[in-house]
Amino acid sequence: MAKYVYPAIFSPEEGGGYSVFFPDLEGCYTCGDDLKDALFMAEDVLAFALYDCERNETKIPDPSNTKDIALSEGEFVNYVACDTIEYAKMHNNRAVKKTLSIPEWLNEAAIRENINFSQVLQEALMEKVNL
């Protein structure tokens, strides 16, 4: 999981809305009621698409150079950034039960100290995976 930046094509729609399309990512598009909403939605759909690629171990394409993107009348290109780690934290935060084994003496010592096993494991795992 990582941070990404991809170019997006913004197309104005009637009524002030925008359609947003990521030319490097098949099926990655969204829209918004105005530019602010379109930017917010673009970040969300980009994070969703890239997080899905990461989970499925699908190759993530390199972002295009904005100079190579053809535009129609009224369209513009804007870079959109996302962080798939933050996306996962927000959207995939359900608790998962894990069974583990530790020596009995260590278990007894930790219980005496009122140590929260789940918290210790989470903190250790986050340190181990550099989060």
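Q: Which side-chain oxygen reaches a backbone nitrogen at the start of α1?
A: One from D34. This is a predicted model, and in it a side-chain oxygen of D34 comes to within 3.3 Å of the backbone nitrogen of K36.

Q: How far does α1 reach from its first C-alpha to its last?
A: The 22 residues of α1 reach 31 Å, close to the 32 Å expected at 1.5 Å a residue.

Q: And what follows α1?
A: E57, with a positive phi near 55°.

Q: Which residues of α1 are buried?
A: A38, A42, V45, L46, A47, A49, L50, Y51, C53 and E54.

Q: What do those buried residues pack against?
A: The buried residues of α1 pack against α2 and against the strands β1, β2, β3 (29-32) and β4.

Q: How does α1 lie on the strands?
A: α1 lies across β1, β2, β3 and β4, and runs at about 55° to β4.

Q: What about α2, which strands does that one lie across?
A: β1 and β4, with α2 running at about 65° to β4.

Q: OK, the sheet. What order are the strands in?
A: The order is β3-β2-β1-β4, in an open sheet of four strands with antiparallel pairing. β3 and β4 are at the edges with a single partner strand each, so one side of each has no neighbour in the sheet. From one strand to the next the twist averages 30°.

Q: Is β1 mostly buried or exposed?
A: Buried. Strand β1 covers residues 3-12, and seven of its ten residues are buried, so the strand is largely enclosed by the rest of the structure.

Q: How many bridges pair β1 with β4?
A: Eight, in the antiparallel sense, with β4 being residues 76-83. One of the contacts to look at is A8, whose bridge partner in β4 is N78.

Q: And how many join β1 to β2?
A: Four, and β1 and β2 (residues 18-21) run antiparallel. On this side, S11 has S19 in β2 as its bridge partner.

Q: What sits in the hairpin between β1 and β2?
A: Five residues lie between the strands, and G15 in that hairpin takes a positive phi near 85°.

Q: Switching to aromatics. How many aromatic pairs are there?
A: Three. In one of them, Y18 and F76 have ring centres 6.1 Å apart and planes at 75°; an angle over 60 counts as edge-to-face, so that is what this pair is. The pair links distant parts of the chain, since Y18 is in strand β2 and F76 in strand β4, 58 residues apart.

Q: Are those two buried or exposed?
A: Y18 counts as buried at 19% relative accessibility. F76, at 28%, counts as partly exposed.

Q: What about Y51 and Y87, how are they arranged?
A: Y51 and Y87 form a tilted pair, 5.8 Å centre to centre with 55° between the planes. This pair also links distant parts of the chain: Y51 is in helix α1 (residues 35-56) and Y87 in helix α2 (residues 84-91), 36 residues apart. Both Y51 and Y87 are buried.

Q: Which residues form the aromatic cluster?
A: F10, Y18 and F76 form one cluster.

Q: Last one, α4. What caps its N-terminal end?
A: N116, with a side-chain oxygen 3.0 Å from the backbone nitrogen of S118. The end C-alpha atoms of α4 (residues 117-128) are 16 Å apart, which agrees with the 16 Å that twelve residues should span at 1.5 Å a residue. N130 follows α4 and has a positive phi, near 60°.

Methods:
Residues numbered from 1 in each chain as written. Predicted model: local features only at pLDDT ≥ 70, side-chain atom pairs only at ≥ 80, totals over all residues. Heavy atoms only, no water. Buried < 20%, exposed > 50% of the residue type's maximum accessible area, 1.4 Å probe, protein only. Helix = DSSP H or I, 4+ residues; strand = E, 2+ residues; numbered from the N terminus. Pairing = 2+ DSSP bridges. Expected span 1.5 Å × (residues − 1). Polar contact = N/O pair within 3.5 Å; in protein donor to acceptor, adjacent residues only side chain to side chain. Phe/Tyr/Trp six-rings, centres within 6.5 Å; stacked < 30°, edge-to-face > 60°. Contact = heavy atoms within 4.5 Å. Axes fitted to C-alpha atoms, helices over the stretch in contact; angles between N-to-C directions.
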